[in-house]
Amino acid sequence: MKYLSVEEAIDAPGMRLVLTAGVPGPWGEAAKSMFAYKGIEYTAVFQEGAGENEALLRWTGQTSAPVAVYEDLPPACHWFDLLMLAERIAPAKPLVPVNSAERVDVLGLSALIAGMDGFGWHRRLQLLAPMMQMDEPPQAIARMARKYGWSEQAHTAATSRLQAISAELDSRLAQQQARGRDYFVGDAVSAADFYWANMAGLIKPLGHEDNPMPDYMRDTYESSDADTRACLTPRLEAHRDRMYQRHIALPLVF
């Protein structure tokens, strides 16, 4: 994928999407897949994973990816703001229902999957642990750990939180399938389905042909213990695969 630098992107027209370059970051891949579903064209902007990203900080007020910047609107740095921006500029294929009860469910499940204290958040705490438990953690990893609240206590609690979230998601799918439905909420695909499909890769990435991620990253994601691997239940894995078959183009390009 071709990336603009932050400096080049600031005055570029249209949608600019800041992404961690060269790797399939799950939050970034979720944004990309939802934009593709909605037909939103964007220019990719370079972010260095775990880097200081000083130019990005000056532009958007923070250093992470993804960030969506559309025309002269303020940067959308949070998953909710990014999703709502996509809904605003491409409403013809909604990923958040109009029905209030279903809207609550979609946004609540999306937060449970992709938000602070959600599935991806706790899996990331697990992934940081091996390097944070070194005598001298790498500076970039220590910076990420501070940003995302890593501590031995938080790491210890992460597995049980993943299990609880997995159980809720699996139960939701079971209830939906009993009604003859394939998605988390209602009859149609939603943001919650896209977030789950992409976040599941933090435990079991797609094969190399579909997801040509760096070997070091694959080894890290796949090195979870049995309790963590069990969080990707057969039902949740089948849902992930169904999303790629129906809604997310393969192979991934990053």
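1. The buried residues of helix H9 (residues 191-199) pack against H2, helix H4 (79-89), helix H5 (100-114), helix H6 (119-132), helix H8 (152-178) and helix H12 (234-246). Nine of the nine residues of H9 are buried, among them Phe194, Trp196 and Asn198. Buried means under 20% relative accessible area, exposed over 50% and partly exposed in between, with a 1.4 Å probe and protein chains only. Packing rests on contacts, that is, heavy atoms within 4.5 Å. Helices (H or I, at least four residues) and strands (E, at least two) are DSSP runs, numbered from the N terminus.

2. On the source: this is a predicted model, in which local features need pLDDT of at least 70, side-chain atom pairs count only at pLDDT 80 or more, and totals for chains, interfaces and linings use all residues. Residues are numbered from 1 along each chain as its sequence is written, and side-chain values use heavy atoms, with hydrogens and water left out.

3. The protein has 12 helices and three strands. Its radius of gyration is 18 Å, close to the 18 Å that the globule rule gives for 254 residues, so the protein is as compact as a globular protein of that length. The radius is taken over C-alpha atoms, and the rule is 2.2 Å times the number of residues to the power 0.38. Of the 254 residues, 51% count as buried. Among contacts with a separation of 6 or more, 69% are between residues 24 or more positions apart.

4. Ser33 belongs to helix H2 (residues 26-38). Ser33 is buried, with a relative accessible area of 5%. Not counting residues up to four places away in sequence, Ser33 touches Phe194, Asn198 and Ile248. Phe194 and Asn198 are buried residues of H9.

5. Helix H10 (residues 215-222) has Met217, Arg218 and Tyr221 buried. These residues lie on the same side of H10 because they cover an arc of only 100° around the axis, the arc being that of the directions from the helix axis to the C-beta atoms. Asp215, Tyr216 and Asp219 are exposed on the other side of H10. The buried residues of H10 pack against H2 and H6.

6. The largest pocket has a volume of about 1300 Å³. Of its 45 lining residues, Thr20, Trp27, Arg124, Met144 and Tyr148 are the closest to its centre. A pocket is an open set of points on a 1 Å grid over the protein atoms alone, where a 1.4 Å probe fits, with protein on both sides within 12 Å along at least five of seven lines; lining residues have an atom within 4 Å of a point. Grid points are joined across faces, edges and corners, and a volume is the space filled by probe spheres set on the points.

7. The second largest pocket holds about 230 Å³ of space. It is lined by 13 residues, of which Lys32, Ser33, Ala36, Ile248 and Ala249 are the closest to its centre.

8. Leu85 sits in helix H4 and counts as buried at 9% relative accessibility. Leaving aside neighbours within four places in sequence, Leu85 is in contact with Met15, Ala68, Tyr70, Leu73 and Ala76. Leu85 and Ala68 are 17 residues apart in sequence and 8.2 Å apart in space, C-alpha to C-alpha.
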